[in-house]
Amino acid sequence: STARDTFPQLSADGLHIAFQSARGGEMDIWAARTDGTGLVQITKNHGTSNGSPRWSPDGRWLLFDSSGKDGQLDVWVVEAGGGQPRQLTHGPGNSGIPSWSRDGKRMYFNSDRTGRPEIWRIPIEGGDAEQITRKGGFVGLESADGQTLYYTKNDTGSDGMYAQPLAGGDEKHVVSRVVVRRCF
């Protein structure tokens with residue numbers, strides 16, 4: 001493609017890739033096999049910009065964030081082959097940059113609903129959002145054993161990486177500085 005393609009995400013089985021692309025005019029979510037065949041546009045005419053795709057652990061679903069026509073950013077889920085997206089987050093504030101729990105039953109996202117970015121968690125099937133971080137959080141990923149959330153506090157990684165035990169307890173500063181991929 002000669003269009004802008006960003007934020008690639010490899011499926012757990014290593015056979016597919018999802019990414020954000022402007023090849024259809026707007027920024028939408030697309031998926032293909034890793035050899036480039038089987039290209040499918042997952043979102044179309046859904047909000048003004050769709051991004052941050054994340055495969056479910058079983059490869060059946062994709063999380064993504066989407067800016068609505070009103071400018072509100074929320075997280076949605078859609079079948080990996082396409083279909084009607086279902087909204088997972090609802091105001092106040094903007095919510096985005098989703099990631100899955102290892103068991104596929106919950107998702108993490110950042111939201112500024114408290115006045116600054118924090119990491120939250122919500123069941124995929126619906127329910128109330130639970131705030132995980134208390135001193136800032138921007139991008140979060142659950143550990144392989146499901147016991148810890150690792151996260152940055154801003155989009156530059158300048159504060160490093162932190163770890164928050166999911167069973168409760170204080171955050172721990174893990175790494176002094178991380179490099180964050182930026183797309184322009």
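Biologist: Which strands each supply at least two residues of the lining of the second largest pocket?
Modeller: This is a predicted model, in which local features need pLDDT of at least 70 and side-chain atom pairs count only at pLDDT 80 or more, while totals for chains, interfaces and linings use all residues. Residues are numbered from 1 along each chain as its sequence is written, and side-chain values use heavy atoms, with hydrogens and water left out. Strands (DSSP runs of E with at least two residues, numbered from the N terminus) are named accordingly below. Those that each supply at least two residues of this lining are β1 (5–10), β5 (49–55), β9 (95–100) and β13 (139–142).

Biologist: What space lies in the second largest pocket?
Modeller: A pocket is an open set of points on a 1 Å grid over the protein atoms alone, where a 1.4 Å probe fits and protein lies on both sides within 12 Å along at least five of seven lines. Points are joined across faces, edges and corners, and the volume is the space filled by probe spheres set on them. For the second largest pocket, that space comes to about 270 Å³.

Biologist: Which of its lining residues are the closest to the centre of that pocket?
Modeller: Lining residues have an atom within 4 Å of a point, and the second largest pocket has 13 of them. The closest to its centre are Gln9, Trp55, Pro57, Trp100 and Arg102.

Biologist: How many residues of that lining are charged?
Modeller: Asp, Glu, Lys and Arg count as charged, Ala, Val, Leu, Ile, Met, Phe, Trp, Tyr, Cys and Pro as nonpolar, and the others, Gly among them, as polar. On that basis the lining contains 6 nonpolar and 4 polar residues, and the number of charged residues is 3.

Biologist: Which residue in β2 does Asp5 stand opposite?
Modeller: Strand β1 is joined to β2 (residues 16–21) by 4 bridges, and the two run antiparallel. In β2, the residue opposite Asp5 is Ser21.

Biologist: With which residue does Asp5 form a salt bridge?
Modeller: The structure holds 5 salt bridges, each a side-chain nitrogen of Lys or Arg within 4 Å of a carboxyl oxygen of Asp or Glu. In the one formed by Asp5 and Arg23, the closest N and O atoms are 2.7 Å apart. The pair links distant parts of the chain, since Asp5 is in strand β1 and its partner, 18 residues apart, is in the loop between β2 and β3 (28–33), namely Arg23.

Biologist: Is Lys153 buried or exposed?
Modeller: Lys153 forms a salt bridge with Glu171, the closest N and O atoms being 2.8 Å apart. Lys153 lies in the loop between β14 (148–152) and β15 (161–165) and Glu171 in the loop between β15 and β16 (172–175), so the pair ties together parts that are 18 residues apart in sequence. Buried means under 20% relative accessible area, exposed over 50% and partly exposed in between, with a 1.4 Å probe and protein chains only. With a relative accessible area of 16%, Lys153 is buried.

Biologist: By what angle are neighbouring strands turned on average in the sheet with the order β13-β14-β15-β16?
Modeller: This open sheet of 4 strands has antiparallel pairing, and its edge strands, β13 and β16, each pair on one side only.

Biologist: Which residue of the turn between β9 and β10 has a positive phi?
Modeller: In β9, 5 of the 6 residues are buried, so this strand is largely enclosed by the rest of the structure. It is joined by 4 bridges to antiparallel β10 (residues 106–111), with Trp100 standing opposite Met107. The two strands form a hairpin with 5 residues between them, and the turn residue with a positive phi, about 75°, is Gly104.

Notes. Pairing = 2+ DSSP bridges.
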